[in-house]
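Subject: Handing over the structure, with notes

Dear colleague,

Please find the structure below, together with its sequence.

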Amino acid sequence: MANIYTLTLAPSLDCATLTPQIYPEGKLRCTVPVFEPGGGGINVARAITFLGGKATAIFPAGGATGEHLVSLLADEHVPVDAVNAHDWTRQNLHVHVESSGEQYRFVMPGASLNDDEFRQLEEKVLQIEKGAILVISGSLPPGVKTERLVQLINAARHNGIRCVVDSSGDALVAALEIGGIELVKPNQKELSALVKRELTQPDDVRKAAQEIVQSGKALRVIVSLGPQGALGVDASSCVQVVPPPVKSQSTVGAGDSMVGAMTLKLAENASLQDMVRFGVAAGSAATINQGTRLCSLENTRKIYDYLCQ
């Protein structure tokens, strides 16, 4: 089984709380806050850990919030390889309104990374052994241009590191231009932007995903379709998996849980069908929870077993 690493350039310390109702100007009384690690790659590493695997999280950590983030990951037994950063790690706020069931997500800008801090992260990435899997997930922080990310992925690929990219916009386009990406997970809107056309017909998503695979940009494209599950495409097959109906409490963390589960199966050399099933199961399992909680092994296994029937 291949070793797994994740890279998060804009990590966060996430704070979740509940309030009876929300309205302007008045004091909104909240429950005791729950703090959890946040950021794309960090959540992928956490999901892999929750599912019984192991992934080392590489990220910058600054200030008291960064120390809190590292401490929380230690509590969850997630291996960490952090770079000390000058700017404090950002803190996000997630508020669940009990009266309406609505969620409000207050997402702060990522902490800036200077050239030396990025270089240290790059050095950690390039120390990863050949044949290992690197998941690059999340947004780019201030001070880091897309060109720097492209250089890092190019260098990693040159060293024989298998790259999974879960991003959007210019960063995703640039990563795919490198070619040979192991796996990408766009949603339908992001896939439409990648192929530069609207996907309106039932078979449009499959054809667009196959175009990306056939062009050599990615070995596997797994399109997340929300309640409709996911469509997976590689060079020889196409699989769609629809999850069972579950009562959704929150969609926060569903995408990262899905990527974590699929990466775990990728490391085990599982089939595309098994990869998509496990990914959909983990993503659905995450939606059962309130706040920012990710998938649990118990709920993921239940849904996965259902999908395998």
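S6 and S7 pair in the antiparallel sense over four bridges, where strands are DSSP runs of E with at least two residues and helices are DSSP runs of H or I with at least four, both numbered from the N terminus, and where two strands count as paired if DSSP finds at least two bridges between them. The two strands form a hairpin with five residues between them, and in that turn Gly101 has a positive phi of about 80 degrees. Within this pairing, His94 stands opposite Arg105 in S7.

Before going further, please keep in mind that this is a predicted model, in which local features need pLDDT of at least 70 and side-chain atom pairs count only at pLDDT 80 or more, while totals for chains, interfaces and linings use all residues. Residues are numbered from 1 along each chain as its sequence is written, and side-chain values use heavy atoms, with hydrogens and water left out.

The sheet around the hairpin

Strands of a sheet pair through backbone hydrogen bonds, either parallel or antiparallel. The parallel kind is found here between strand S2 (residues 12–19) and strand S6 (residues 90–97), which are joined by eight bridges; across this pairing Ala16 stands opposite His94, and Leu18 stands opposite His96.

Because six of its eight residues are buried, S6 is largely enclosed by the rest of the structure, with buried meaning under 20% relative accessible area, exposed over 50%, and partly exposed in between (1.4 Å probe, protein chains only).

Thr6, which is found in strand S1 (residues 4–7), is buried, with a relative accessible area of 0%. Leaving aside residues up to four places away in sequence, its contacts include Gly41, Val44, Thr56 and Leu134.

In helix H7 (residues 204–214), the residues Asp204, Val205, Ala208, Ala209, Ile212 and Val213 are buried, and the buried residues of this helix pack against helices H5 (169–178) and H6 (188–195) as well as strands S11 (221–224) and S12 (230–233). Just after H7, Gly216 takes a positive phi of about 85 degrees.

Salt bridges

How many salt bridges does a search of the whole structure find? The search finds 14, a salt bridge being a side-chain nitrogen of Lys or Arg within 4 Å of a carboxyl oxygen of Asp or Glu. One of these joins Lys124 to Asp81, with the closest N and O atoms 2.7 Å apart. Since Lys124 lies in helix H3 (residues 115–126) and Asp81 in strand S5 (residues 80–84), the pair ties together parts that are 43 residues apart in sequence. Asp81 itself counts as partly exposed, at 26% relative accessibility.

A second salt bridge is formed by the side chains of Glu298 and Lys302 (3.4 Å, N to O). These residues are four apart in helix H10 (residues 297–307), and are therefore separated by about one helical turn; Glu298 and Lys302 are both exposed. In the salt bridge between Lys265 and Glu268 (3.8 Å, N to O), by contrast, Lys265 is buried, with a relative accessible area of 9%, whereas Glu268 is partly exposed at 40%. Finally, Glu36, Arg46 and Glu76 are linked in a network of salt bridges.

Key: Contact = heavy atoms within 4.5 Å.
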